[in-house]
Amino acid sequence: IGTKTGSSTHSHGLFEYHFVMKGDALIKIGDKKVSLSENSSILIYPDTFHNFIKNGCDADVLSLSFSLKKNRNGTDYYKSIQNKLLCSAYLVIAESSLLKDLILSIVSNVYSEKLFAFEEMRSLLVLFFTNIFSKLTETKDIDKNPLNTQ
């Protein structure tokens, strides 16, 4: 979790997920500016150029980077959503109490010393990613419009 007030334009070979914990954030993706309010989030697809823009106020943003690969059963998750990803560079996800609750629970388990905290965090991450990618695969017309994930 960090304060996002500005960054240089960059890209990653990974997915990047940003959840606005507090405040408002402004992110530039290609030629578009995307405004994110508290409790909203954005999933930026691999190799997409982007940067946070100073907008007069600070935002606390939780950022996650990750990749997709085949699971133990051989399902290639990246391949299953690849065609949808070609239609856009990112997905804005409107305010979601479910995602907020999952994120807060994940973060609290990172620093927890309770028994099974790691296992609980892993399970919560599975629910988190399943929710995000299920919404992506359910969407009929992937463009750059927000989705309501509640």
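The model is a predicted one. Start with the layout. The protein has three helices and eight strands. Along the sequence they follow the pattern β-β-β-β-β-β-β-α-β-α-α. Of its 150 residues, 37% count as buried. The accessible surface comes to about 8,800 Å². Carbon and sulfur atoms account for 51% of that surface.

Next, consider how the chain meets itself. Take the contacts between residues at least 6 apart in sequence. Of these, 72% join residues at least 24 apart.

Now go inside. In soluble globular proteins, nonpolar side chains tend to be buried together. Here the largest nonpolar core holds 20 residues. Six of them touch the most other members: Phe 15, Tyr 17, Leu 43, Phe 128, Ile 132 and Phe 133. Which elements give two or more residues to this core? They are strand E2 (15-22), strand E7 (59-66), strand E8 (90-93), helix H2 (97-110) and helix H3 (117-138). H3 gives the largest share, six residues.

Return to Tyr 17 in the largest core. What does Tyr 17 touch, leaving out residues up to four places away in sequence? Its contacts include Ser 41, Ile 42 and Leu 43. They also include Leu 62, Ser 63, Leu 64 and Phe 66. Further along the chain, Tyr 17 touches Ile 93, Leu 99, Ile 103, Phe 128 and Ile 132.

Empty space comes next. Rolling a probe the size of a water molecule over the atoms shows where empty space is left. The second largest pocket has a volume of about 180 Å³. It is lined by 11 residues. The closest to its centre are Leu 62, Leu 64, Ile 106, Val 107 and Val 110. E7, H2 and H3 each supply at least two lining residues. H2 supplies the largest share, four residues.

Most residues other than glycine have a negative phi. Asn 39 has a positive phi, near 75 degrees. Asn 39 sits in the loop between strand E4 (32-36) and strand E5 (41-44). Is Asn 39 buried or exposed? Asn 39 counts as buried, because its relative accessibility is 10% and buried means under 20%.

Asp 47 also has a positive phi, near 65 degrees. Its place is the loop between E5 and strand E6 (50-53). Asp 47 has 58% relative accessibility, so it counts as exposed. The cut-off for exposed is over 50%.

Finish with Lys 32, in strand E4. Its relative accessibility is 49%, so Lys 32 counts as partly exposed. Set aside its neighbours within four places in sequence, and Lys 32 is in contact with Ile 27 and Tyr 90. His 50 lies 18 residues from Lys 32 along the chain. The C-alpha atoms of Lys 32 and His 50 are separated by 9.4 Å.

Notes
Residues numbered from 1 in each chain as written. Predicted model: local features only at pLDDT ≥ 70, side-chain atom pairs only at ≥ 80, totals over all residues. Heavy atoms only, no water. Core = buried A, V, L, I, M, F, W, Y, C linked by side-chain atoms within 4.5 Å. Buried < 20%, exposed > 50% of the residue type's maximum accessible area, 1.4 Å probe, protein only. Contact = heavy atoms within 4.5 Å. Areas by Shrake-Rupley, 256 points an atom, 1.4 Å probe, with all protein chains shown as cover. 1 Å grid on protein atoms, 1.4 Å probe; cavity = no way out; pocket = protein on both sides within 12 Å on 5 of 7 lines; lining within 4 Å. Points joined across faces, edges and corners; volume = space filled by probe spheres on them.
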